Amino acid sequence: MIGVGGTDWKLYVRRKPQVVKRRVRKGIPDCLRGLAWQLISGSRDLLLMNQGVYEQLVLYETSAAELDIIRDISRTFPSHVFFQQRHGPGQRALYNVLKAYSVYDRDVGYVQGMGFLAGLLLLYMSEEDAFWLLVALLKGAVHAPMEGLYLVGLPLVQQYLFQFERLVKEHVPKVGAHFEKEMINPSMYASQWFITVFSYSFPFSLALRIWDVFLHEGVKIVFKLGIALLRHCQDDLVQLPFEKLIHALRNFPEDSLQPDVLLPLAYNIKVSKRLEELRQEYERMMKPQPHPENPHI
């Protein structure tokens, strides 16, 4: 499907989009994952159009976020051997990618959750490739831009949590009602799911499969998977009081995180149309209301 170095990919995607979708959902073979991710996300094209830019950003620019990045690096995948060694190749590569991005896009700069995205990418590709994939994601080369997850006030996180809360009530009503009773809202457990696309605190075997689909189909897989997880665990969740619920929502049992169990459940959940309706509703809600005494204010 990919061809030598990715030469056949675009043609195959145009000719047989459904086959590509099915194959990606089954899981991209690990040895092809790095290249496939770059082709799916559009980052390979960005790199080819911007030769030498990454090197320039790393070597010659300075970033206001350098100290913050250094402080956070050891907290990114601390249990993964690639990032364990202080100032080792993994930590150096992660620093370079995050510093380069903070210079490339000064509006976003650097936010801690970005380290998990960059870290996951670096396990499968070079620094320069990881940087351009980060750009493709945040700037929206193929899907909706992710940068709103990291801008001041996290505007896109707020929108996603609003949408997710409503979807939980509609798809898993028992859980939705119990959460309401116990005053649990998605910001208490789901923010990280969106900010790091499940790469933080979820098993790698599951995170990688989610990323295959996320890069190909967009953020809706995060909503679907979140709902599938709550549905899969609902019998236990509805029994728990507030404190235990918070703990359970951050520490799901291992048997509920099996990719071949959870992903088929997620694929069967349809959210696209409803997500768009809820996005419009959220935007109407966020519009500043005219002042009652003076409608021009």
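A salt bridge here is a side-chain nitrogen of Lys or Arg within 4 Å of a carboxyl oxygen of Asp or Glu. With that in mind, a search of the whole structure, which is a predicted model, finds 19 salt bridges.

**The domains**

- The domain assignment divides the protein chain into domain 1 (1-30), domain 2 (42-146) and domain 3 (153-286).
- Between the C-alpha centres of domain 1 and domain 3 there are 28 Å.

**Where domain 1 meets domain 3**

- Eight residues from domain 1 and eight residues from domain 3 take part in the contact.
- About 700 Å² is buried between domain 1 and domain 3, with 53% of it on carbon and sulfur atoms.
- One salt bridge is found across this interface, along with five residue pairs in polar contact.
- On the domain 1 side that touches domain 3, helix 2 (residues 17-26) gives the most, with five residues.
- Sorted by class, that side of domain 1 has three nonpolar, one polar and four charged residues.
- Glu 217 and Arg 25 form a salt bridge, and their closest N and O atoms are 2.8 Å apart.

- Arg 166 pairs with Glu 281 in a salt bridge whose closest N and O atoms are 2.7 Å apart.
- Because Arg 166 sits in helix 11 (residues 155-171) and Glu 281 in helix 19 (residues 272-286), this pair ties together parts that are 115 residues apart in sequence.
- Both partners are partly exposed: Arg 166 has 26% relative accessibility, and Glu 281 has a relative accessible area of 23%.
- Arg 274 forms a salt bridge with Glu 170, with 2.8 Å between the closest N and O atoms.
- This pair also links distant parts of the chain, as Arg 274 is in helix 19 and Glu 170 in helix 11, 104 residues apart.
- Arg 274 is partly exposed at a relative accessible area of 24%, and Glu 170 is partly exposed at 38%.

- Glu 277 and Lys 273 meet through their side chains in a salt bridge (3.4 Å, N to O).
- These two residues are four apart in helix 19, so about one helical turn separates Glu 277 from Lys 273.
- Glu 277 is partly exposed, with a relative accessible area of 34%, whereas Lys 273 counts as exposed at 65% relative accessibility.

**A network**

- Salt bridges also link Asp 68, Arg 71, Asp 72 and Arg 75 in a network.

Note on methods: Residues numbered from 1 in each chain as written. Predicted model: local features only at pLDDT ≥ 70, side-chain atom pairs only at ≥ 80, totals over all residues. Heavy atoms only, no water. Domains from an automatic or database assignment. Contact = heavy atoms within 4.5 Å. Buried area = accessible area lost by both parts, 1.4 Å probe. Polar contact = N/O pair within 3.5 Å; in protein donor to acceptor, adjacent residues only side chain to side chain. Nonpolar A, V, L, I, M, F, W, Y, C, P; charged D, E, K, R; others polar. Buried < 20%, exposed > 50% of the residue type's maximum accessible area, 1.4 Å probe, protein only.
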